[in-house]
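Work through the exercises below with the sequence and the model in view. Try each task before reading its solution.

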Amino acid sequence: MAGVIFLFVAVGVCLVGFLALWLRHRDRTTFTSDMDRFDAEMSAIRPPSGGPQRRRRR
């Protein structure tokens, strides 16, 4: 019986340690974090604003 109790205590300590590490190193998310990430990806592929522009054919 003592071995089973030791096993449960060891698993409990591991779970508490895992949760502490996960909470400490997780990505911080805000309400607009997904939109900010999308905007950053769009600005990476967007052409520079000061460059030559195409003419429209009439």
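**Exercise 1.** State how many residues of helix H1 are buried.

Solution. Helices are DSSP runs of H or I with at least four residues, strands are runs of E with at least two, and both are numbered from the N terminus. Buried means under 20% relative accessible area, exposed means over 50%, and partly exposed lies in between, with a 1.4 Å probe and protein chains only. Among the 24 residues of H1, the count of buried residues is 0, and H1 is hardly covered. For the protein, buried residues make up 2% of the 58 residues.

The model is predicted: local features need pLDDT of at least 70 and side-chain atom pairs count only at pLDDT 80 or more, while totals for chains, interfaces and linings use all residues. Residues are numbered from 1 along each chain as its sequence is written, and side-chain values use heavy atoms, with hydrogens and water left out.

**Exercise 2.** Compare the span of H1 with the expected span.

Solution. The expected span is 1.5 Å times one less than the number of residues.

**Exercise 3.** Which residues form a nonpolar patch on the surface?

Solution. A patch takes residues with over 30% relative accessible area and no salt bridge; nonpolar side chains (Val, Leu, Ile, Met, Phe, Trp, Tyr) are joined within 5 Å, like charges within 9 Å. The patch consists of Met1, Ile5, Val9 and Val13, with about 450 Å² of accessible area together. Such areas come from the Shrake-Rupley method with a 1.4 Å probe, and for residues only the protein chains shown count as cover. Ile5 is placed in H1, residues 2-25. Ile5 counts as partly exposed because its relative accessibility is 48%.

**Exercise 4.** Find the salt bridges and say how many there are.

Solution. A salt bridge needs a side-chain nitrogen of Lys or Arg within 4 Å of a carboxyl oxygen of Asp or Glu. The count is 2.

- Asp34 and Arg37 meet at 3.3 Å, N to O. Both lie in helix H2 (residues 33-45), 3 residues apart, about one turn of the helix. Asp34 is exposed because its relative accessibility is 54%, and Arg37, at 47%, is partly exposed.
- Arg46 pairs with Asp39, with the closest N and O atoms 3.9 Å apart. Arg46 is partly exposed at 47% relative accessibility, and Asp39 is partly exposed at 46%.
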